[in-house]
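Here are my notes for you to read alongside the sequence and the model. Please keep both in view as you go through the points.

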Amino acid sequence: MAQQSVNSESPYRTESFDIDVVKNIKVETSGGAIQVKGGQQKGMVEMYVRANGWGDRKTKSEIQQILDEYYDINIRSQAGTLTATARRKNINWSNKTALNISFIVYSGNQVDADIRTSGGSVKVQDVEGVITGRTSGGSITVKNLSKDIDLTTSGGQITADDLDGTIKLHTSGGSLNLSNISGNISARTSGGSISAHNINGDFSTETSGGSIHLRDIDGNLNARTSGGQITADLKATHNFVKLHTSGGSIRLKMPETKNALLDLKGDKVHISELRDFTGTVKKDRVKGTLGEGNLLVEASTSGGSVDVKM
């Protein structure tokens with residue numbers, strides 16, 4: 001499916017709305033990208049349309065004829081909700097009648113947004129509100145968001161920067177790149193690597209098909225992969241650190257602690273010198289208690305070594 005670069009084209013249609021009144025945004029399209037840009041001075045929706053086939057150029061009148069016959073387009077502001085949708089009608093259509101319809105919404109920063117597309121990317125920035133997003137065929141890019149964030153894609157990577165709140169990020173077919181995130185964070189992928197730095201709060205992350213690289217983590221951490229190595233550099237710990245992989249090594253660097261419950265397992269286990277330790281130290285297993293054992297530290301791998309420095 002061809003994807004539109006809306007920055008290089010003029011809007012097919014533009015609608016204005018009262019930015020002070022609109023507090024909810026609902027955007028849906030079956031074949032294009034969606035962007036929401038908060039923190040604006042004027043409220044506006046831009047709709048971009050082009051033929052879906054590669055190299056297929058249609059005149060504006062031809063596009064309008066296809067829109068009238070095969071699509072339901074709805075752009076309106078009512079009772080504090082802005083709606084911008086492009087749906088195919090339930091009639092026979094082909095590649096000749098398929099269009100790539102994208103939206104850009106310019107809004108205030110205190111809005112909730114529900115965004116859905118089956119054929120393009122999702123981008124949201126500079127918004128304080130409840131953000132829900134779904135795409136079946138594109139990447140997700142978000143920046144400077146706060147509150148509740150729930151984003152899912154079946155076919156692309158997720159890039160997130162400067163988020164704060166209750167955050168759920170899920171992709172079935174791409175990598176995760178996360179930075180400067182605070183709150184209660186869940187990030188999962190079934191088909192890519194995970195990279196994260198400067199994370200504050202409870203952080204749970206998982207992949208079935210890649211490595212995990214974490215830096216400057218402050219908070220509870222649960223990281224798991226079935227197909228790669230894990231490296232984690234912690235700047236502070238809270239109640240637990242759990243790292244598990246079935247297919248690679250684990251490298252954990254964390255602040256020194258005098259109170260920990262250790263459970264480390266791998267082909268080989270290396271750990272800094274332990275003082276006031278009660279338990280078992282073997283070449284492939286370290287299990288026991290430092291001091292009062294307040295901090296749980298688990299690290300296990302079936303296919304590599306475990307190296308813990310603290």
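1. Two residues are in contact when they have heavy atoms within 4.5 Å of each other. Among contacts in the chain between residues at least 6 apart in sequence, 43% join residues that are at least 24 apart.

2. This is a predicted model, in which local features need pLDDT of at least 70 and side-chain atom pairs count only at pLDDT 80 or more, while totals for chains, interfaces and linings use all residues. Residues are numbered from 1 along each chain as its sequence is written, and side-chain values use heavy atoms, with hydrogens and water left out.

3. The chain holds 1 helix and 25 strands, taken as DSSP runs numbered from the N terminus (helices H or I, at least four residues; strands E, at least two). Of its 310 residues, 46% are buried, where buried means under 20% relative accessible area, exposed over 50%, and partly exposed in between (1.4 Å probe, protein chains only).

4. In helix α1, which covers residues 60-70, the buried residues are Ile 63, Ile 66, Leu 67 and Tyr 70. They lie on the same side of α1 because they cover an arc of only 100 degrees around the axis, the arc being that of the directions from the helix axis to the C-beta atoms. Ser 61 and Gln 65, on the other side of α1, are exposed. The buried residues of α1 pack against β4 (43-51), β5 (71-78), β6 (81-88) and β7 (99-106).

5. Thr 29 belongs to strand β2 (residues 24-29), and it counts as buried because its relative accessibility is 3%. Leaving aside neighbours within four places in sequence, Thr 29 is in contact with several residues, including Ile 34, Ala 86 and Ile 101.
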